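Hello,

Here is the structure for you to look through. My notes on its aromatic rings follow below.

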Amino acid sequence: MRERFHGELSVLGDLLTTMCGMACEELRLANRVFLDRDTEAAAELATVEAKLNAARTECEETAQKLLALQAPVAGDLRSVLAAVFCADRLERMGDLAQHIADQAVREPEFAVPGQLTGLFGELAGLVSAMAEDLGTAVEGPTAEVFHSLARTDERVDALYEELMTLVTGPDWTDGVGPAISVALLARFYERFADQVVSVARRVDFTLTGELPESPVRDVSAGL
């Protein structure tokens with residue numbers, strides 16, 4: 001019975017690894033739509049998004065079955081509950097990547113003024129690296145990943161604040177529409193990074209039994 005349980009628990013872990021890979025792929029595709037103006041990537045992204053949503057449902061159903069039939073305790077219970085939490089956050093990461101692509105496609109010209117492309121390139125690079133590191137951590141959990149990702153997230157937050165300061169400052173001359181686009185895109189990247197840290201925090205929890213202190217505010221609400 002326990003061998004069967006741990007086999008099903010392994011399936012749950014594999015699902016999370018797959019979901020993390022899908023979220024990473026969605027962000028890569030969103031970056032292509034936004035930074036490279038590759039509108040064809042938007043269709044690819046929509047396909048991955050549908051698969052990610054289906055994987056989230058499968059993950060929840062598998063977890064519910066384990067809870068109902070196996071009544072796990074201690075570390076096993078932590079793993080199942082963390083998987084449900086992480087599946088929700090990974091799906092949200094996919095949603096945010098979709099928002100980035102949608103906002104880029106919505107704009108007839110480049111979604112942000114040219115002078116800000118460097119900042120957005122850095123922001124996209126940082127968040128993409130965080131997503132890749134999370135994928136490695138989910139596949140083979142290590143206790144150090146949360147703190148590393150939290151430090152990178154601080155830089156993401158700083159870039160977000162810098163962009164918001166620019167679009168709300170007295171020297172902004174590009175108009176309301178571009179300011180809204182910049183604010184939305186920056187927010188979507190910043191929230192994606194927050195979700196990455198939130199998942200990493202739960203991965204740490206499965207290893208230690210304690211939630212590490214998080215510098216990230218609650219990411220369960222909002223965009």
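Some background. This is a predicted model, where local features need pLDDT of at least 70, side-chain atom pairs count only at pLDDT 80 or more, and totals for chains, interfaces and linings use all residues. Residues are numbered from 1 along each chain as its sequence is written, and side-chain values use heavy atoms, with hydrogens and water left out.

Now the ring pairs. Rings of Phe, Tyr and Trp (its six-membered ring) pair if their centres lie within 6.5 Å; planes under 30 degrees apart count as stacked, over 60 as edge-to-face and the rest as tilted. That rule gives 2 aromatic pairs.

Phe34 and Phe120 are edge-to-face, because their centres are 5.4 Å apart and their planes at 90°. Phe34 is in helix H1 (residues 2-35) and Phe120 in helix H4 (residues 117-139), so the pair ties together parts 86 residues apart in sequence. Helices here are DSSP runs (H or I, at least four residues), numbered from the N terminus.

Phe34 and Tyr189 are tilted, because their centres are 6.3 Å apart and their planes at 40°. This pair links Phe34 in helix H1 to Tyr189 in helix H6 (residues 176-208), 155 residues apart.

Phe34, Phe120 and Tyr189 form one aromatic cluster. Buried or exposed? Buried means under 20% relative accessible area, exposed over 50%, partly exposed in between (1.4 Å probe, protein chains only). Phe34 is buried at 1%, Phe120 is buried at 0%, and Tyr189 is buried at 0%.

Best wishes

Terms used
Helices (H or I, at least four residues) and strands (E, at least two) are DSSP runs, numbered from the N terminus.
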